[in-house]
Amino acid sequence: MRLVIVSNRLPFTVDLANGKLRYRHSAGGLATGLSSYLERRPESAVGGSSYLWLGWPGADVPPEHQEEVREYAQQCHAAPVFLSEDSVERFYHGFCNKTIWPLFHYFSMIVHYEDEDWLEYQRVNRQFADEICSVLEPDDQIWIHDYQLMLVPQMVRERFPDASIGFFLHIPFPSYELFRLLPHPWRTELVNGLLGASLIGFHTHDYTRDFLTSVLRTVGYEHSLGALALPDRIVKVDTFPMGIDYERFAGAAANDTTTGGVDEIHKLCDGRKLIFSVDRLDYTKGLLNRLRGYELFLERHPEWHEKVVFLMSVAPSRVDVADYQEMKQEIEQTVGRIIGAYGNVRWTPLIYQYRNLGFDEIVPLYKACDIAMITPLRDGMNLVAKEFVASRTDGTGVLILSEMAGAVKEMGEALVINPFHVDDFVWALERAMKMPVEEQQRRMHMMQERLQRYDVTRWAGDFVHGMVLTGRTEADRRVRVLSGKAQEQMVEAWRGAERRAAEAARRCVADAAADGLELAVEHPTDPAAVRGPPARRDAGAEGLFTRVALPRRGSGTRVGACAGAARRSCWLHAQHRCAGARGQ
């Protein structure tokens, strides 16, 4: 049994410079988290240690270099899916990031609806499905990831009806009132695409609930405890909050190199409180709201001037998109305004850096800061908050966390705020500055125990185990759908059964008349108006044949003929007029 992981990006990224290929590790929580799981996945795990990872290598690789990339990927247990630059523009930068991303993060006013982007999204999803089917082996477990590939499960299911397919969405799933903003054919195909999976996972119960509501309102399937009964199989929908590689961060925070980095940061801060935040450049991260909240704190609490420093690190993202360039410019203008208004020659209240931080840089900052401010406007999970908690080996530190982040469901001991209200920032920062060490440690230890228990290995292991169990249940309850000749023959047999029931009723009337009985045939519109019990129907056969009861000597009765499959009844009322009539 092999685990086949399918995601938009491979765990490595290809760069082509001066005609030569260079390879580097892909950034992002999905690539990092799954790589950690695969490295530690024992042979005894469900599915064993064998795996294959399919995805795009991150660049438009010319045909003459594609074989080289395939050979490198093979060494990493991977298989590349090559996309052209035009395809990436329509598929990734178009439908994925201009339609699905803003809509699923509740930014409905900036959603683009382009038919050409939708068609390219369909085409790329079909290309991924073809690549999966070309490498699929018996008993493979297929685990498809994220919003770029929501049509792939059904596309694979069409060719491999009995395949074990799982899908996990790493971003929020919106309420139906947002989801319905998509054109009806689009949202219907997206829901049906996801329902091609045997198991569908989300970070939080809220996302799971919203998806199940959208399924009901879009395609009409109701659920029972998260199980959707499709005509031919069962689809399980459940919640799996993604964890981090806890031991990696905790171990790095405890080593001597990190300790030296922490000492250096403390020296530079010169005894001041350090607030730290790190995010990539994106409108969902609430970077401007965060800056305005800090600015309002400085305005209302002059007693903290020269006693606090805010280090804000922003990782470059989508640098070629005009909207992101404008957002970066506005952030930098706000940074300059705050420094100009409150800074002096002895103190810079805010340090801003626009670059990627490596693992060896970010862990010392997690450990050295007094407060981590993680306040997205909407986030599927947010692993940064969990990384900060894992790095606090002494149990101190305060986490200010947005209630709009999925991580808040597991981290209630943080200071939780609404990032749309700047007053919340002021309250949380003042509370964090004054929080006693004992309270910091109590809150931190509770979060650490929870995150250590449910780390990325547990998350991935639970999902894969859920795929296996769902596959077994599906195999036990699988129903074969009739089609073609078999369906035509059954329909014709059903129609024949209806005609035979009517003919049997007519023969019954004729035979009874020959025996001297006077019969009346009634077709009541209200069955309750008919006297006596109705003719019995064989429930196991859905009433496809007739039961007839003839009168006994010397009594009055009814003779019934029922064609239950036609949803009608024929009631025969017989009145015995002849004392010497024979009973049948």
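Residues are numbered from 1 along each chain as its sequence is written. Because the model is predicted, local features need pLDDT of at least 70 and side-chain atom pairs count only at pLDDT 80 or more, while totals for chains, interfaces and linings use all residues; side-chain values use heavy atoms, with hydrogens and water left out.

**Exercise 1.** State how many helices and strands the protein has, and what share of its residues is buried.

Solution. Step 1: helices (H or I, at least four residues) and strands (E, at least two) are DSSP runs numbered from the N terminus. The protein has 18 helices and 20 strands. Step 2: buried means under 20% relative accessible area, with a 1.4 Å probe and protein chains only. Of the 584 residues, 52% count as buried.

**Exercise 2.** Give the strand order of the open sheet of nine strands and find its edges.

Solution. Step 1: two strands pair if DSSP finds at least two bridges between them. The order is S5-S4-S1-S6-S7-S8-S11-S10-S9, and the pairing is mixed. Step 2: S5 (78-80) and S9 (223-224) each have a single partner strand, so one side of each has no neighbour in the sheet. Step 3: inside the order, S7 (residues 164-168) and S8 (residues 199-202) run parallel and are joined by three bridges. Phe167 stands opposite Ile200 in S8.

**Exercise 3.** Which strands does helix H5 lie across, and at what angle does the helix run to S7?

Solution. Step 1: angles run from 0 to 180 degrees between N-to-C directions, and axes are lines fitted to C-alpha atoms, for helices over the stretch in contact (heavy atoms within 4.5 Å). Step 2: H5 (residues 152-159) lies across S6 (141-145) and S7, at about 175° to S7.

**Exercise 4.** How many residues of helix H13 are buried, and what do they pack against?

Solution. Step 1: in H13 (residues 359-368), seven of the 10 residues are buried, among them Ile362, Leu365 and Tyr366. Step 2: the buried residues of H13 pack against helices H9 (246-254), H10 (256-269) and H14 (383-390), and against strands S12 (273-280) and S13.

Note on methods
Buried < 20%, exposed > 50% of the residue type's maximum accessible area, 1.4 Å probe, protein only.
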